Amino acid sequence: MEPDGPTAGEAAHVEAPLEAMNRRTRRAALVYMVMGLALIPWTVFLAVSLPRREVDTHYRGAWVGFDILLVVAIVLTAYYAFRMDDRVQLPAMATATLLLVDAWFDVM
């Protein structure tokens, strides 16, 4: 009579890669969380240091608002990654897009 499930050796062979993947996922989530939280002081700095311009009355608001949106996207990505939720793809895509736009405007 054959056993119904995998043997102990087979189960250990399957669980080891899953545990390694979980560790990598949690490490990546931690990096995202640190990046998101580190962006908060930078956003506050921008809010108080950016010059007021007569050409565009909402110059500060645009940059600070954009950075707040970036913080939310990064923290949501970290949250879903910590939970190992498949929905992590949505905030991760938003984060990547916002970072690309931020880099574009920084360079231009």
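Let's start where two helices meet: helix H2 (residues 59-82) and H3 pack at an angle of about 150°, their axes lying 8 Å apart. Here axes are lines fitted to C-alpha atoms, for helices over the stretch in contact, and angles run from 0 to 180 degrees between N-to-C directions. This is a predicted model, in which local features need pLDDT of at least 70, side-chain atom pairs count only at pLDDT 80 or more, and totals for chains, interfaces and linings use all residues. Residues are numbered from 1 along each chain as its sequence is written, and side-chain values use heavy atoms, with hydrogens and water left out.

Which residues in H2 meet H3? Among them are Trp 63, Phe 66, Leu 70 and Tyr 80 in H2, and the H3 residues that they and others meet include Pro 91, Thr 95, Leu 98 and Asp 102 (contact means heavy atoms within 4.5 Å).

Those four names come back when we look at burial. In H3, Pro 91, Thr 95, Leu 98 and Asp 102 are buried (under 20% relative accessible area; exposed is over 50%, partly exposed in between, with a 1.4 Å probe and protein chains only). They cover an arc of only 70° around the axis, which puts them on the same side of H3; the arc is that of the directions from the helix axis to the C-beta atoms. On the other side of H3, the exposed residues include Leu 90, Met 93 and Trp 104.

Stepping back, the protein has three helices and zero strands (DSSP runs, H or I of at least four residues for helices, E of at least two for strands, numbered from the N terminus). Of its 108 residues, 21% count as buried.
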